[in-house]
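Please find below a colleague's note on the model shown here.

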Amino acid sequence: MLHRISSNKKEFQPIKFVSGLNLIVADRAPGASEQHSRNARGKTSVIRAINYCLGSSKPIEFKPLADSGWAFTLELDLFESRVWATRGVKGETRVSITTSGGRADVVLEDYLREDGTISLSDWKFLLGLGLFGLDQEVETNAQSISPRTLLSYVIRLDAPKDPTKTFAAQPAWSSREHVAFLLGLDWQYTQKLSRMEQDENAFKALTYAQNVQLVPGLMEDESELILRRTETERELAAVTRQAEEFNVLEDPQGVLEQANQVAAEITSKMDDQISAERLLMLYNESMHEPEESADDLVGDVYRELGLIFSPDALRRFEQVELFHSGLLRNRSRFIQAEIERLERQINDRRPEIDALQDERQNLLRQLSSGGGLDDLLELQRRVMETTSQLQNLDGALKLIRRVFAAEDALKVSQATCRRDAREDLNRDRDFLDMVNTRFSEMISYLYGKSGSITVEVDKLGYKFTIKVASSSSTGITKMKLFVFDLTLMEQSRKNRHPHFLIHDSVVFDGVDPRQIAGAINLARTSSEAAGTQYIATLNSNDVPDSISNAEWYHDCVRRVILDTEVGGAFGIEF
């Protein structure tokens, strides 16, 4: 419970609070002129001062107070003790704490410095622990429960259309987690499923980026990767073997020149061999041609000419014939000698050619399996490059398989978490039926209409739906939020609610006076019956006569701010 809000400045009149209904009312002073207004009287700023002492960010409206050294002190129950929390508007990072002793001293001992101050982050954690039973630190950049967000459901400075939210743009995971917590449900189902949805969205984004080639090569088809890996593996084996068998030659250019010289010598000898073989073939053909005698040859010639020779001429002819026969015999001996010479040359040249060819092959093998140091370095570079390519392909294969496995595991985890959430929800059905019944009763009291709070499990965990029949008007929307907050305070379990509730007058804007009267009555009877505390700010012209004339009403007004008061509740203009 909250007991008192005060300031170090005398201009600010302290306001005391008690259990039950507490009202801060802006009223019209007797004799006030038309220029005076009940608006901008500091009602909302009083709530902001309470909220500031409970760890909120410094309101923009308080900036003018910083230079004047303003500070606010909130007296409240915390850890079964009375605690005074003082926070300066200028030095907002630390909070001064004093206690009435008891359990609060034990809890605060490890957090207070010698000067009696505590860091703002520690103060928020202790408020979560003492007011809501939240025993965990807020996770940075995580979808987690926050003490300050919980306090935003207890201190309403805004009235969004959706009562489960504290502001219109609040993320679904946040509103669901905090409402589940306040109702005493297992809010971690929503946290887990919300985080899983983030992972699911990441998989979807990955698939989209792949499909539209937003990031080329981000994820490739597994079959294509395997094919490329096989080809790269084969290439690596070949280039590795070549590098292992490589011989570094001292003068690779000299070996090449030597190979060229041997090739030229082989060509020359082959040319000689071919010429000799062709000449040998001609000689052999000549040896096998039929020979005609000189007599036949010369006689045939003379007979063709029709000549008749004398005996002396015939003797000379015999001499010619003998000479010609000698020539033929000499020719045969020459050809035979040439054949034998050519055969010897051919036979002698063959092993020389074979030796030269062997020498050339050896030189070519040296060149094919070796080279200069630069050639070896280039081979080694190719080995490393191909190895790197293979490693990249292996990494890509592992990645895509990990992604698919993780996506499958995520689907299983989501289904399992939703199943567990439904089972827990079924165990809480009796309690939730009571919550729904109480909400419906209060809506019926205000409007004579049916209302409902339903809870189900969807892909984000617990989903809360609040309905009121024919609830299209602004007034009904505001009262739906009012009744929802009152229901949370009444029906909360497991010490998940601090049992006080603060509504700024914005909650009643646009509401019919009859429903405002009903709401004030509901807040009074509910808080008195449950031993809780309800604080609200109102303009007196919004309070129906049926309420303002009631005896109990004046007992519930903790501060009247007249429209003629200079500076309103704070006593200064800012």
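**Note on the predicted model**

Tyr 189 is buried, as is Tyr 462, where buried means under 20% relative accessible area, exposed over 50% and partly exposed in between (1.4 Å probe, protein chains only). The model is predicted: local features need pLDDT of at least 70, side-chain atom pairs count only at pLDDT 80 or more, and totals for chains, interfaces and linings use all residues. Residues are numbered from 1 along each chain as its sequence is written, and side-chain values use heavy atoms, with hydrogens and water left out.

1. Aromatic pairs. Rings of Phe, Tyr and Trp (its six-membered ring) pair if their centres lie within 6.5 Å; planes under 30 degrees apart count as stacked, over 60 as edge-to-face and the rest as tilted. The count by this rule is twelve aromatic pairs. In the pair formed by Trp 70 and Phe 72, the ring centres are 5.9 Å apart and the planes stand at 45°, so the pair is tilted. Trp 70 is buried, at a relative accessible area of 3%, and Phe 72 is buried at 0%.

2. A pair across the chain. The ring centres of Tyr 189 and Tyr 462 are 6.2 Å apart with planes at 85°, so this pair is edge-to-face. Tyr 189 belongs to helix H7 (residues 188-211) and Tyr 462 to strand S12 (residues 461-468), so that the pair links distant parts of the chain, 273 residues apart. Helices (H or I, at least four residues) and strands (E, at least two) are DSSP runs, numbered from the N terminus.

3. Aromatic cluster and charges over rings. One aromatic cluster is formed by Phe 12, Tyr 52, Phe 62, Trp 70, Phe 72 and Phe 570. The charged end of Arg 87 sits over the ring of Tyr 52, 3.9 Å from its centre. Arg 496 lies over the face of Phe 181, at 4.3 Å from the ring centre. The criterion is NZ of Lys or CZ of Arg within 6 Å of the ring centre and within 35 degrees of the ring normal.

4. Nonpolar cores. A nonpolar core is a set of buried Ala, Val, Leu, Ile, Met, Phe, Trp, Tyr and Cys residues joined through side-chain atoms within 4.5 Å. The largest has 115 residues, of which Ile 5, Phe 72, Tyr 462, Phe 482 and Phe 508 touch the most other members. Helix H14 (residues 474-491) gives the most to this core, with nine residues. Apart from it lies another core, of seven residues, including Leu 280 and Tyr 283.

5. Contacts of Phe 508. Leaving aside residues up to four places away in sequence, Phe 508 touches several residues, among them Met 479, Phe 482, Tyr 534 and Leu 538. Contact means heavy atoms within 4.5 Å.

6. Helix H1. Nine of the eleven residues of H1 (residues 43-53) are buried, including Lys 43, Asn 51 and Tyr 52. Gly 55, which follows H1, has a positive phi near 95°.

7. Which residue in the loop between H14 and strand S13 (500-503) deserves a check? Lys 494 is found there, with a positive phi near 60° in a residue other than glycine. Lys 494 counts as exposed, at 55% relative accessibility. Asn 495 lies in the loop between H14 and S13 and has a positive phi of about 55°, although not a glycine. Asn 495 counts as exposed at 61%.
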